[in-house]
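Here is a short report on salt bridges and cavities. Look over the sequence and the structure first.

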Amino acid sequence: MASTPTPLLLLLLLLLLPFPLAAASSLPPLPLSTASRWVVGADGRRVKLACANWASHLEPAAAEGLSRRGVGDIAARVAAMGFNCVRLTWPTYLATNATLANLPLRWSLELLGMRESAAGVRVNNPQLLDLPLIDVFKEVVSALGRNNIMVILDNQMTTPGWCCSQRDGNGFFGDTYFDPDEWLSGLSTMATMFRNTKNVVGMSLRNELRGDKQNVTLWFRYMQQGAEVVHAANPGVLVILSGLEFDNTLDFLFSKKVQLSFTGKLVYEQHWYGFSDGGNWGSQNQNDVCGMVVGFIKYKGLFLLQQGWPLFFSEFGFDMSGAHVADNRYLTCFLSVAAEMDLDWAIWALQGSYYIREGTLAYDESYGLLSWDWSATRNPSFIKRINSLQSPFQGPGLPNSKEPYNVIFHPLTGLCLVVKSSEALELGPCDESNAWSYTSTNQLVLKHTGQCLQAKSVGENAKLGTDCSKSSAKWQLISYSGMHVSAELTKNGTRVCLDATPDGTIETNLCECLTLDPNCNPESQWFKIILSSKGIPGGTSILQLPSLGPWSPTSSS
């Protein structure tokens with residue numbers, strides 16, 4: 001039996017594969033709107049939100065990083081990493097408190113004792129140093145627009161500062177610093193301010209509602225009012241509504257929906273972090289936890305997609321060092337759902353560090369895409385890992401939207417199963433994936449070839465063959481996660497699972513880590529069979545093999 005590949009070796013494979021990173025060529029046709037569960041452009045074609053969160057709501061009330069790098073350089077790096085969108089946060093006071101809005105960036109930093117940060121802005125963004133904070137915010141939006149990056153304005157807090165805690169006075173309508181009328185005024189001001197700014201495509205009304213005062217009745221009252229206020233001031237933007245309990249749940253929408261005077265602009269948002277999803281990622285079996293947590297997430301919000309409503313996972317994130325075992329396990333589970341459901345999403349966070357956070361100067365953001373000094377990508381393999389999730393698999397306007405097919409996605413690497421020959425299958429970019437059909441009788445049939453995926457023996461390469469009626473060609477999804485793709489060997493009935501080796505070759509090995517064992521890592525054997533409507537590489541000539549005649553599930557050997 002071949003040795004089980006380690007996740008580290010498979011992730012190193014990502015660094016060896018060519019993934020060109022380039023700035024977005026253009027913005028999609030705007031404005032955006034919704035069509036059932038999808039966000040679409042003005043041409044009706046799916047626009048997938050693949051975003052990074054950029055904080056601009058902490059004490060200085062300015063976008064993080066302006067003391068480290070030029071604002072244009074930061075925006076260009078966002079585009080180069082493959083993101084088409086930034087969720088840019090702001091505090092209500094930036095829109096409602098004229099003293100704060102008109103405070104020059106230099107003074108904002110120096111009044112907080114951050115002269116070193118002010119000096120950094122003088123070096124890297126001298127044109128911003130003496131601008132009022134509200135104009136600095138506008139310049140950040142403009143820099144993103146010059147790099148063809150869409151912007152979603154997210155009202156994170158009322159008072160500038162780190163978000164969030166249960167009792168910070170910013171949690172729910174009626175809290176000390178959360179006056180509903182002031183909040184509505186701030187939304188209207190920001191919506192009006194960016195009405196003619198093309199790349200501002202959406203507004204999140206409030207981040208992570210929470211605390212003792214939260215209740216569903218007030219949620220409906222004020223979220224509906226906020227949506228109407230934003231739409232009246234700026235009818236072009238998407239209106240994005242968060243849930244309760246730190247945006248972990250929208251379950252109260254299962255039977256009752258928001259009632260608005262307009263249509264085609266409403267999106268809901270949900271957050272999913274490993275530290276708050278109810279899973280014991282570090283101490284229980286990974287399959288068991290993933291299956292359980294996905295059940296929770298479906299109950300709390302994913303059901304909206306099935307009901308035909310867009311759902312934006314506006315925050316997910318993990319320790320980018322790769323040293324946090326629980327975070328690593330959670331991330332692979334999240335990516336499997338993101339691929340299967342083809343989610344719109346925003347990662348927390350772009351910033352590698354903060355001017356100040358929770359009293360600490362130059363606070364290092366371990367969840368940051370960028371390094372502490374903003375000079376490099378903190379985790380290059382992760383950028384390649386999410387490459388396939390930055391463009392849509394499904395949705396209106398894709399080449400095969402009327403005749404979708406299956407691809408086999410490997411969430412540990414973000415790659416897909418690619419056929420090189422009948423005896424060689426390996427991981428490769430999902431844009432080069434073959435088109436499969438996962439039949440009702442559990443065969444994985446390679447379209448237009450008459451061949452199906454088969455298991456040969458333990459420790460040997462998975463292969464293609466024409467006898468698709470035998471047990472070694474019938475692939476069941478086993479384990480609580482549903483990601484072990486398993487067949488029984490014809491000779492002895494041994495159950496094997498697809499397994500990715502460190503070099504990306506697809507073998508069949510004994511199924512591992514199915515349940516109970518908390519220390520076993522199943523991720524090399526995790527695969528998701530997902531739907532895709534993308535164009536098929538090479539048209540219908542997916543694999544140049546000798547013609548072997550048609551096959552159907554009812555044919556026999």
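Asp 364 and Arg 378 meet through their side chains in a salt bridge, at 2.9 Å from N to O. A salt bridge here is a side-chain nitrogen of Lys or Arg within 4 Å of a carboxyl oxygen of Asp or Glu. The pair links distant parts of the chain, 14 residues apart: Asp 364 and Arg 378 are both in the loop between strand 12 (360–361) and helix 12 (380–385). Helices (H or I, at least four residues) and strands (E, at least two) are DSSP runs, numbered from the N terminus.

Asp 364 is partly exposed, with a relative accessible area of 36%. Arg 378 is partly exposed too, at 24%. Buried means under 20% relative accessible area, exposed over 50%, and partly exposed in between (1.4 Å probe, protein chains only).

The model is predicted: local features need pLDDT of at least 70, side-chain atom pairs count only at pLDDT 80 or more, and totals for chains, interfaces and linings use all residues. Residues are numbered from 1 along each chain as its sequence is written, and side-chain values use heavy atoms, with hydrogens and water left out.

The whole structure holds 17 salt bridges. Three of them are set out here.

| Salt bridge | Closest N and O atoms |
|---|---|
| Arg 87 and Asp 154 | 2.9 Å |
| Arg 210 and Asp 168 | 2.8 Å |

Take Arg 87 and Asp 154, which form a salt bridge. Arg 87 lies in strand 4 (residues 85–91) and Asp 154 in strand 5 (residues 150–157), so the pair ties together parts that are 67 residues apart in sequence. Both residues, Arg 87 and Asp 154, are buried.

Arg 210 pairs with Asp 168 in a salt bridge. Arg 210 sits in the loop between strand 6 (200–204) and helix 9 (216–233), and Asp 168 in the loop between strand 5 and helix 8 (180–193), so this pair ties together parts that are 42 residues apart in sequence. Arg 210 counts as buried, at 0% relative accessibility. Asp 168 counts as buried at 18%.

Now the cavity. The count comes to 1 cavity of 30 Å³ or more. A cavity is a set of points, on a 1 Å grid over the protein atoms alone, where a 1.4 Å probe fits but cannot get out; lining residues have an atom within 4 Å of a point. The largest cavity has a volume of about 40 Å³. Its lining includes Phe 393, Tyr 405, Asp 431 and Lys 534.

Terms used. On a 1 Å grid over the protein atoms alone, a cavity is a set of points where a 1.4 Å probe fits but cannot get out, and a pocket is an open set with protein on both sides within 12 Å along at least five of seven lines; lining residues have an atom within 4 Å of a point. Grid points are joined across faces, edges and corners, and a volume is the space filled by probe spheres set on the points.
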